[in-house]
Amino acid sequence: MLKTLLGLIFMLGTAILIGCELFDSGSGQSQPAALILNGSFELWDSTGPTHWSIENPDSTIYSQSDDTPPNGGNHSLLILQHQYNPLSKLVQGVRVPSAARKVKLNLWSIFISGGSAVLVVKVNNSSVVSDTIINFFLPTEWEEYSTVLSRSVRAGDSIFVELRGNVTLFDNVEVSLLN
C-alpha cells in the first residue's frame, strides 16, 4: 500500500512538473517549463551524455569538457570530428506535453573549427512540419544563442534537437514552451 501511494505521489508530481510553467520566486513572473533533460551535460554514462542519442558516430568523438560558459556548471559537451560528417549528431526528442504557441531554443556554444549547426525539427504525425537551423562559424568564446520556432506546436507534437559540429562545445541546451 505504501509503495502504491509513493508511486502515485511520484506520478502526480511528475505530471505537475511536466505540464506546468515554473515560477521565479524572486520576480513572481512565470518561466517556461524546460523540456530537454541533461542539457548541461553534467550526467554521462558509458555511451555518452545521458538522455541523448548518438546517431552515425563515424569518426566523431563526444566527450565531456570542463570548459563551461558563465553559470554553466562543471561540464559541457565537446564534439570532435576528424572529418565533418553531417549525419553524425547528438539527438534528444521530446513530446510536447501541453498546447503552446511557440517553442524557444536556447543554448551556449563555442565554435573552434570546421562547421557547427543545431537543427531543431518539429514533427507532427511523423512528418516534418518545421525546422530551424542555427549555424555557428565565428565565436571563439562562449556565446549564447536563442531562437523561437516560427510555427506553433500542439500537445502531442514532437521536437528533436540535433547537435552537430566539427570541433565545437555546447552547453545549457534548453527547449521551452511559450504561451
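**A buried lysine and its salt-bridge network**

At 12% relative accessibility, Lys 89 counts as buried, the cut-off for this class being under 20%. The structure is a predicted model, and the values below are computed from it. Side chains of opposite charge can pair when their charged atoms come close. A search of the whole structure returns three salt bridges, and Lys 89 takes part in the pairs described next.

The side chain of Lys 89 meets that of Glu 55 in a salt bridge with an N to O distance of 3.8 Å. Because Glu 55 belongs to strand β5 (residues 53-55) and Lys 89 to strand β8 (residues 89-95), this pair ties together parts that are 34 residues apart in sequence. Glu 55 has a relative accessibility of 32%, so it is classed as partly exposed.

Lys 89 also forms a salt bridge with Glu 162, where the closest N and O atoms are 3.6 Å apart. Here too distant parts of the chain are linked, since Glu 162 is in strand β12 (residues 158-178) and Lys 89 in strand β8, 73 residues apart. Glu 162 has a relative accessible area of 10% and is therefore buried. Glu 162 is in turn bridged to Arg 164, with 2.7 Å between the closest N and O atoms. Arg 164 and Glu 162 are both buried. Through shared partners, the salt bridges join Glu 55, Lys 89, Glu 162 and Arg 164 into one network.

Backbone geometry was examined next. Most residues other than glycine have a negative phi, and most peptide bonds are trans. Phe 41, although not a glycine, has a positive phi of about 60 degrees. Phe 41 is located in the loop between β2 (30-31) and β3 (44-45). The relative accessibility of Phe 41 is 0%, so this residue counts as buried. A positive phi, of about 75 degrees, is also found at His 51, which is not a glycine either. His 51 sits in the loop between β4 (48-49) and β5. With a relative accessible area of 48%, His 51 is partly exposed, as exposed requires over 50%.

The mean pLDDT of the chain is 75, and 73% of the residues score at least 70. Over residues 1-31, pLDDT stays under 50. For that segment the model has 19 contacts beyond four places in sequence.

Definitions and conventions
Residues numbered from 1 in each chain as written. Predicted model: local features only at pLDDT ≥ 70, side-chain atom pairs only at ≥ 80, totals over all residues. Heavy atoms only, no water. Salt bridge = Lys/Arg side-chain N within 4 Å of Asp/Glu carboxyl O. Helix = DSSP H or I, 4+ residues; strand = E, 2+ residues; numbered from the N terminus. Buried < 20%, exposed > 50% of the residue type's maximum accessible area, 1.4 Å probe, protein only. pLDDT = per-residue confidence, 0-100. Contact = heavy atoms within 4.5 Å.
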